[in-house]
Every structure is written in C-alpha cells, then in structure tokens.
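Thanks for coming. I will walk through one structure, going from the place where two chains meet to a few parts of one chain.

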Amino acid sequence: MPELARTLADVVVCLAEAEALDALERPRGALPIRVAPDELLLVAHPGAAHALGRAAGAVREADGDALVTDVSDGWAVWSLSGPGSREAFMRLSMLELPNAGVVQGDVARLPVKVVADGKRLHLLVPSSWSEHLRERILSLVPDVGEVAEPHAWTAPRARHA
Amino acid sequence: MASLDLEGRRVPFEDGDTVASALFRAGVRTFNRSLKHHRRRGLYCLTGDCPNCLCTVDGEPGTRVCTTEARDGMRVRRETGRPSVEADALSVTKLAGPLMPVGFYSKTFIRPRVAWETAERVIRRATGIGTLRTDDAPRSVPVRNVLTDVLVIGGGIAGLAAALAAAERGERVLVADEGRVGGLLAPGPARERLQALSAEAGGHDRIVLLEHHVAVGIYEGPMVPVAGRDELLRVHPGRVVVATGAIETHGVFGGNDLPGVWLGRGAARMAGAHGLRPGERAVVVAHTEEAFEHVATLRRSGVEIAAIVAPSALAGSAPGGARVVRDGRVVAAEGSKGVRAVVISAGGARERVECDTLVLSLGLTPRDALLRMAAEEPVGGAGDVAWPGCSLVEAEESGRAAGRGEPVERRPLGGVVVGGRGTVCLCEDVSIGDLRDAWAEGWRSAELLKRYTTTTMGPCQGAMCGRVFASFAAANAAAPRAGGRPTARPPARTVPLEVLAAGVHETGTKRTSLHERHLQMGAHMDRSGSWIRPYRYGDWREDHRAVRERVGVMDVGTLGKFFVAGRDAPALVDRVFPCDVEHLEPGRSRYLIVLDEAGYAMDDGLLCANADGTYTITSTSGGSDRMESALRDRIDRWRLHVHLLNQTAMLGAVNVAGPLARDLLERLTHDPVDRDAIPYPGHGRITVAGVPCHAIRSGFVGELSFELHHSRSRGVELWDSLLAAGEDLGIRPHGLDALDVLRLEKGHPFLAQDTLPDDHPTKLGLDWAVDMTKPAFVGKVALERMAAFPLERKLVGLEFDARPQRGAPLYASARVVGRVTSCAVSPALGSPIGLGWLRTVDGAFPERVQAGSVMATVVPRPFYDPEGARVRA
C-alpha cells in the first residue's frame, strides 16, 4: 500500500547563463534539477537554503547578473513511497518514470517535477497547487495511506542516471 | 430461479442468458420503438451494434440488452412509446409520415419563434430512447493512464493472434474487448479456436486482457480512451491494432425494420448459443457461404426454412431441403407487429412467401470507425475489419502480421445496391425516400446530407447504415469527393455520460496561504479563474464600508508577481511595456497596461523600479501566465540578458486599504510609511509585525492603500497581526464582491470582464498610461495606425435611473449601440452606476442611452474621488 506524506524541503533557484550553470560545482547535499538551460533548482533538507545560496552564489563568478534566491515558499513536496507507489503514480500521470532521476510534466493536470528514487517519488508542485494535488492523489489513488506528520527531505538513495 | 424485472413483470432467465435472450424466451418481440415514426423494433444484430434493443437497465438508459448479461434482480424498462412500447399511441405518426419530412424541425418551427418553446417540450417527450435520471448523486469516473507498447482493440481471433505475435517479440500488450472474449460466438470451429488462443494469451505474462472495456476513439498520440465499467483508461500505446471485426450488412427494403427481420449472425446466435428459435418459419437471404451455416443452425433449433434466396454463384452449394430462389431480391417484408410474409422478386416475377422470420446474410461490413479516425496514426487493422469475410486461417494470419507490426492491406469494399424503399438509418429513423428528398432539396454531398438528415449520427454511429448511406451518396454524387463516407469521430461506441465527463473535475483550484483563515472567518469562497477566493465575509456592504470609512484588508496573494533582474532588465521593460520607464525612479511605480503586437490590451498591473536596477512587476490574478509567457518570449527573442523569476506561488500579498491604513501600519512597524517614505505611486521595504514586506501603494480601490507582499509561509502571521491591531479601528476583511464595487466607483475596468479582445488603450480611456513619444514598445506601430481612424467604440461610465441587468444592451435611436459590462448600486454615491460599451451614432457618442428598461447618462470616470486625493493621501 503506497504512503503519501508531505516532505519539507528547502529550494534555491539559480538563474544564470547556461554556461555559468554548467560550470557551477553542484553544492553537496542538494539535489540539482536543471529545469531549463538558464534555470537550476537545488532541493535540500529544511534549513539548508542559506548555506546553499552561499555555495551557489559562486555562479556569479561566471555571470555577474546571476540571481540566486531562496524559493522554498514557492514549492510544496508530496512524496509517495512504499509498494505500489509507482503504480499509484500511473493513475496520476502519463509521464514515464525512470528508476532514478527527474521528469517534469503533467501530474493530475498540474505542472509537477517528479523526483524518482526507486519506490519513493517526490512530487514538487507550486505551493498554491499543494492542497489540490493532495486531494487529487487521495481521490485517484484509493488505497493510499496518508501520513499525518511531514517528513524532512533526505537525499535520494538511488543512483541517478 | 434467477429472474429479472421487466416493467413489473418477473422474467426468469437461465445461465448464459443475455437480457435480450431472457426477454425473447419470455415472448417479448418488440424491444423499443423507432425515434420518429414509433415503428416497432425487434432484435436484429445481437452483436451490440444496432439500436433496436436499447432499453433502460437499472436506470441506465440506452443499454444494448443483446450484449448485456442477465443478472438476478435487474430492472429493465422499454422506455419508448406512450403509454407503453407495446401500445404506442404515437405510432400514428407513421401515418403522418408525409407531414414529417426530413429536416422537419428546421422547416416547421421557424416562425413564429415562440412556437418552438411549446413544440420542443412536446417533441422531447415524444422522442428519445430513455430518461436520464437527474436526481441521482453524480457518479464520478476515475481516470487512469496506461502505457503499453501495443494496444489491441477486440479480443477475437485476429486480435488475440496479434497480441500473441507482439508479445512473442517482447512487446507489452493490452487487449481491450467490449464484452467477454468469445461471448458473441455460437458453438463451432471459430469458438473452439478462439478458446485456444484465449487460453494461450491469458497465460502470457506480457499480455493484459481487459474484458468489458470499450475503446471510445483514437486521438493523436495515439491516445485511446478505453471505458471500463468503473474507470476510464487513457491508453498511450506505441501502436494500435484494431481488430473490431465486421457486422453483417444492413439490408434496405420496405419493412426492413419489422420485428422478425434478423441479421444472419443474430438469428444463428439466438438459435445456437441460447437454444431459442428466432421464429417458426424463415426465409434466408444468402449472399455469403456463412449463411448456409446459419441455415443448419436454425434447422437444428427447429426452424422451418421456407426458402433460400441466393445468387446463382452460391445457389449450387445451398443445403438441400429448402426451395432455392436464384438471383432473387427481397422487395418487402410485410406485417404489422412482425413479419408475416416476404415479397421476393426474381427474374421479373414477384412472389410472396409466408413466414415469420427473415434472415439476412448480405455480406460483411467492417466495424471500422476506429480505423477511419486514425489515418495518420500508427494504427493497423486485422481480421474482418481489414478483410471482411475472411476465413479463420486468414483472420489469424492477418492478426499475426499486424501483431508483428507489418501492414495489413485493407481489401476494397464494393458498394451496396440502394433502391426501392426502407429504413436506412435505424437510429434516426431515416428512410431511403428521406435521403432522396433531401438530395433533391440540394444537400448534395455525403457530409451535408448527413448533417441535414442526421443519418449515421445516432447511437450506432453509422455502424449499420454508414455503408448504405455512402453508397447512396456515391451513386448520386457528381464529384467523387461528395460521395465518400462521412468522417468518423469519437465516440465509436455508446459510452455513459459520466465516462465522457471523466476527469473534468480535475480542473485545479489554487489556494493562497490564507485559505484556512478565510474558511475560519466564515468567508463565502468560490472559484475565480484558477483560484478559490473569498467573495464576502457576511454582508459585502459592510466589507465595502470598512474600506471607504476605516480600513479593510484583502487577500491578494493571487496577483501575478514577478522579479526581473539582469543587466538588460531596463531594456526589457522599456521595450515591452508602453509606459515611460526611462524616468521611473527607484522606489516609484507605474500603472502598467500590457499590449500585444496588435495594440490590444492583454492585461494590466504595476511596474516597480527597485534600487539595484531590478524590477518588480505585478499582473492580474488571471493574467500571470500570460504575463510570464509574454516576458519570456521577448527575453528569448531579443536575446536579452535578463533573469525572470515568477514569484506568484512563493509570495503572499495582503492589501491594506482605507483612510486609516497608515495608522494601522504605524502600529505594527518601526519603518516610516508616510507620503515621503512611500509615496503614491511608489513602494518600499518595511517590516510589519515582524514580517518583511514589500509595500506597494496601489490605487485600485480608490483609497490610501498598501499591498504587502511577503513570504507565503508568513502569510497567516501577518494577516492575524493586521486584524488584531486594527480591531479598535473597525477593520474588516473583504473579498471580491466589495472589490468589484470599490473599483467600479473608481471607474477602473476589470480586464476581460469590462473589455473585449480587441480593445486598445484609447477605447478603454487609458491613453494616459501610454507614452507614444517612446521610440518603440510592443504594439506601438499598431496604435499609430489605429490612431488614424476615428474612434467608433469606447468604454464609458454610466449613471442609471435604476439598476439595470449586467449585460443589458444599450439603445440609442432604437438601435443597439452598446452593452452594460458592470453595474452596481454604489454605497458611496447612493446611486446605480456602471461601465459599458458605447458605439458612435452618426459619428458622435450618444450622451443618453437606454439600458434595457432603464435610462442611463454617460458620465466621466471616476465616479468617486475624481481628483484622486484619497488615493494619494
């Protein structure tokens, strides 16, 4: 039976020239999601935003105009885990899931970034859609069990492709 | 013994019975009445194709009982016919046939128009195939996405052969069959072979077999919606094999729709699978060898074969024991409640053969609607749908080829002979005579004829009549294109409305961080665009009064909020927006109207210049996506070094407005909020109740106001502090209802509500927001060109003698010259005011107009505080 839990995470965005982002050393402990050539999201455990922002600020060496900002408030993370989580995801989306890695697209008709980590799936959604996504998951996946206490983000275990 | 209920009568059934066979065993011969002429209709195809057995089963109208398995306690009603299907008073309409020509509605109820209202009620009661239950709780059907390499539609011999061939290549296969696999077959070699294939497919771990799953259509992708009993699958296959088989060709002659006329496979199934004689004495029309199998099956069940009508080429192999009429043609079936005799014409002579059953095996017509709607997609056919009338071996061979992804060429279909009399479209009750009349009236192409006569548009979607209809058009059309088959469109099979609606409730609603607070405070919440927002907290007039007289707060976290940085940021905003950017000092802001290349207003908002060369932009709540794409598009196209951050989701915003707004903020902040620190129009950074805020002065509601943008996670804290600190000031929250009137009093249009898609700033009275001296901005060229023409339409302020309806037309000189787009009785002014569109009359804008039933005077905007002293306070 898949489990649904809210995951608390900090998110920092780096907006910079593609080459500057290419050259940026990925800060340790953060999952990088390159959502566009000039946009990199860094996802990490709660409280990490400040340190992450400082580390990612190195991008300004290559692009003086680069914008590095804590956008944690803009994102909500819902996580599906346990047996049946990937099958549950099929009820929500037509995205093909890698075993490990990130895909973005339509999940329950919302713009979602999906971090696949074996049987654990993190769904990153703009925070104004958060409650709607939760409701859609609960109604579309009838056997899902909701965990009341939020989890803190931990780095994906599976090796990323 | 298990039984079902037919209109209050207990009907026992046996194992393996369908609802139709159970009713037939109990003596039921009339299953429904035809749509227009209320002719009796009996069992015909028994394959779930024709509309003749549509009944209401357990409240579900339009159910084909010939493919519905009987279950204990089922309630079945035949809903056509008044008072009942057996004694239908409305069958007299068939005598009035000449008075009800095709195109009856279009021709008859045109004038006077009011007649239609009455006529429609009568017609709606008289026609239709059942009654929708509207009192039930809506049933929502969940949607599931399924990925597969191959989707096979149809679990017959060709379909299962295709599935096995694909699975052997290592592909994942999904097989969808609308019934039970093999459920339609009478005992015989076909059923035995199918059972063997089905056992093999069932044991294969790469094949998923879904019974009672109906493919609704094929969309680009390909994407195939497949309706199960309790869910809708959106199947995304790599490719599709359509193996939906064929149906026996519908025969058209006088009396062709009488109960007792059967398609060959239907009669054989009733006799062979259910052990029920379709009748006592039958005439069999045999244009296929399969028909001779039907003769044997019918005989075994005890039917006497009165005659076999066959072409010479086949007549030699007809079974003995019955008279064979060579090259004969059925001209008419006679009878009133059912067939009593058949008139056959052969060799110039006519003969009448008494019988109660007429069995038609005229050849096969592919069930190819899905195939025809997927011309450009990786979709192939196999079995009867590609090679109608193919043998078992051929079916399997074509299936394996299609399963391996090899193309299966479709065999060409001949036309069918169309002449004489009879019903072409069983669903819509259209006769061959109706088609001839419509053609004579000028509807001379298949597509036009279809729309005018509604042929092929009923529950069978042309499965029965499509080929006959196409043959009629081809035979009459001058140009080949005019004779083709009309386009096939989804749904290919009948699906319940809730399946069509599956997923519509997925339309999302965004929520601000204050959602729970609004609910706790008793707000009336509703959708507004993609957001769910408060409309009022109790009486909106009280909410309104707080803003005008004291202080009010509103959750405006829905506003589009953008941050623009990078060395080209000034160039971007200067070249996109029509306002003066060059002279915009840091700390100041401007009203922003966003134009498209055609000079039309897309959205509006505020532009704030920050100290470090960056900008903060707000847009309307509904316009944030448009704003983002407009900006991103220009950044990319002009190759600007700009970083755009959409902050809509991460920032909350509360508008604090009213003459006491500053007093309230001063209680909660140590930062200066006077006119020098944060002037109008301007903005600044302040900390309110410990929450860092970007405070933006705005003028939308016409009072001193500060929009406090803050981190979403601090929203509740800020909201609570504001309400607590303002309690003794008489603070109130307000929603969209009060806002609508507040901004109307100020004369501000709501873009999209008060505007039309082709409004440029002059029409809206927003010339002041456009700096035409700038060298360039998006839409400037279009505005210059439009300025050369006199203004013919503009948005005006209106004062009414009494409150009109929103949307009321504006009249001047007995002509419609505009429309009311917003109106309300203004609490501040005590009179009804509004905004509306006005066109010129003889080159000038009228000054006094009639708005529906009340009079209106055109007045300058704003209505309230025209000097703007309150906003600038």
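**Where the chains meet**

In this predicted model, 24 residues of chain A are in contact with 25 residues of chain B; contact requires that the C-beta atoms of two residues, placed from the backbone, lie within 7 Å. On the side of chain A that touches chain B, the elements giving two or more residues are strand E2 (10–15), strand E5 (67–70) and helix H4 (130–140) of chain A. H4(A) gives the most, with 4 residues. That side of chain A divides into 11 nonpolar, 6 polar and 7 charged residues. Here Ala, Val, Leu, Ile, Met, Phe, Trp, Tyr, Cys and Pro count as nonpolar, Asp, Glu, Lys and Arg as charged, and the others, Gly among them, as polar. Helices (H or I, at least four residues) and strands (E, at least two) are DSSP runs, numbered from the N terminus.

Two notes on conventions. Residues are numbered from 1 along each chain as its sequence is written, while chains are lettered from A and ligands numbered from 1 in the order in which they are written. Local features need pLDDT of at least 70 and side-chain atom pairs count only at pLDDT 80 or more, but totals for chains, interfaces and linings use all residues.

Next, a sheet in chain B. Five strands form an open sheet with parallel pairing, in the order E15-E22-E16-E17-E18; two strands pair if DSSP finds at least two bridges between them. E15 and strand E18 (323–326) of chain B are the edge strands, each pairing on one side only. Strand E17 (residues 304–310) of chain B is joined to E18(B) by 4 bridges, and B:Val309 has B:Val325 as its bridge partner in E18(B).

Which residue sits between strand E14 (246–248) and strand E15 (261–263) of chain B? One residue in that loop is B:Asp257. B:Asp257 counts as buried because it has 23 C-beta neighbours inside 10 Å; the cut-offs are 20 or more other C-beta atoms within 10 Å for buried, 12 or fewer for exposed, and partly exposed in between, with C-beta atoms placed from the backbone. Leaving out residues up to four places away in sequence, B:Asp257 touches B:Ser34, B:Arg39, B:Arg41, B:Thr423 and B:Leu426.

Last, helix H21 (residues 736–745) of chain B. This helix is mostly covered, with 7 of its 10 residues buried. Among them are B:Leu739, B:Leu742 and B:Glu745. Just after H21(B), B:Gly747 takes a positive phi of about 80°.
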